[in-house]
Amino acid sequence: MKRNYIALHIHLIWTTKNREPLLTNKVRYPLLDHIRENAVIKGIKIRIINGVEDHLHCLISLSPTQCVADVIKQIKGESSRWLNEQSLLNTHFEWQDGYGAIAVSPQLFGKVNQYIFNQESHHAFNSLEDELKMFEEYSEEDESD
């Protein structure tokens, strides 16, 4: 192979502190725009980002020199600082400690992209707890293969 082929796609999930439903449309859409713009500056390749009132989903593609922990730290830290500076909320904003990170194969990239795109309609019927349970069950199935 004369060139490197790198396909490191990660589905990230993180929540507001105590899963408070603070990310109303009025807050969430400017926040998502800001996260996208800041990611470009920091060399983070966000494929799609979306969410609902208490959590966000993001599909990223990592370069060989990036690690998940550093990328999510940059996204969460900078976005909470920005959100507090904008005074879009009547309270101090924080993300919950921790995050979820799930590797995505190139074959499932489109399916995960669509899943993140449809977050609002998905969560009209499913809670975050249901969603996390589904991811856990999916991981357990993969381990038994």
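Rings of Phe, Tyr and Trp, the last taken by its six-membered ring, pair if their centres lie within 6.5 Å, and planes over 60 degrees apart count as edge-to-face. In this predicted model, a search of the whole structure finds two aromatic pairs. One of them joins tryptophan 14 and tryptophan 95, with 5.8 Å centre to centre and 75 degrees between the planes, which is edge-to-face. Tryptophan 14 lies in strand E1, whereas tryptophan 95 lies in the loop between H2 and strand E4 (100-104), so the pair ties together parts that are 81 residues apart in sequence. Phenylalanine 93 and tryptophan 95 have ring centres 4.8 Å apart and planes at 90 degrees, so this pair is edge-to-face too. Through these ring pairs, Trp14, Phe93 and Trp95 are linked into a cluster.

Trp14 leads on to the nonpolar core. In soluble globular proteins, nonpolar side chains tend to be buried together. Here the largest nonpolar core has 25 residues, and Trp14, Ile46, Leu56 and Ile60 touch the most other members. Two or more residues of this core come from each of strand E1 (8-15), helix H1 (25-42), strand E2 (45-52), strand E3 (55-62) and helix H2 (68-86). Isoleucine 60 shows how such contacts reach across the sequence: leaving out residues up to four places away, isoleucine 60 touches Leu8, His9, Ile10, Leu12, Ile44, Lys45, Ile46, Arg47 and Val71. A second, separate core has six residues, among them Leu59, Val104, Val112 and Ile116.

The buried residues of H3 (residues 109-117) are Val112, Tyr115 and Ile116. Viewed down the axis of H3, these buried residues fall within an arc of 95 degrees, so they line one face of the helix.

The next element to follow is strand E2. Six of the eight residues of E2 are buried, which leaves the strand mostly covered. E2 pairs with E3 in the antiparallel sense over seven bridges, and isoleucine 46 stands opposite isoleucine 60 in E3. The two strands are joined by a hairpin through two residues.

Because its relative accessibility is 12%, and buried means under 20%, asparagine 50 counts as buried. A polar atom of its side chain lies 3.1 Å from the backbone oxygen of isoleucine 116, and the side chain of asparagine 50 also reaches the backbone oxygen of phenylalanine 117 at 3.0 Å. Beyond four places in sequence, asparagine 50 touches Leu32, Leu56, His57, Ile116, Phe117 and Gln119.

Glutamate 53 belongs to the loop between E2 and E3. At 35% relative accessibility, glutamate 53 counts as partly exposed. Glutamate 53 is 32 residues from proline 21 in sequence, yet their C-alpha atoms are 4.4 Å apart in space. Apart from neighbours within four places in sequence, glutamate 53 is in contact with Thr16, Glu20, Pro21, Leu22, Leu23, Thr24 and Arg28.

Technical notes
Residues numbered from 1 in each chain as written. Predicted model: local features only at pLDDT ≥ 70, side-chain atom pairs only at ≥ 80, totals over all residues. Heavy atoms only, no water. Core = buried A, V, L, I, M, F, W, Y, C linked by side-chain atoms within 4.5 Å. Buried < 20%, exposed > 50% of the residue type's maximum accessible area, 1.4 Å probe, protein only. Helix = DSSP H or I, 4+ residues; strand = E, 2+ residues; numbered from the N terminus. Contact = heavy atoms within 4.5 Å. Arc of directions from axis to C-beta. Polar contact = N/O pair within 3.5 Å; in protein donor to acceptor, adjacent residues only side chain to side chain. Pairing = 2+ DSSP bridges. Phe/Tyr/Trp six-rings, centres within 6.5 Å; stacked < 30°, edge-to-face > 60°.
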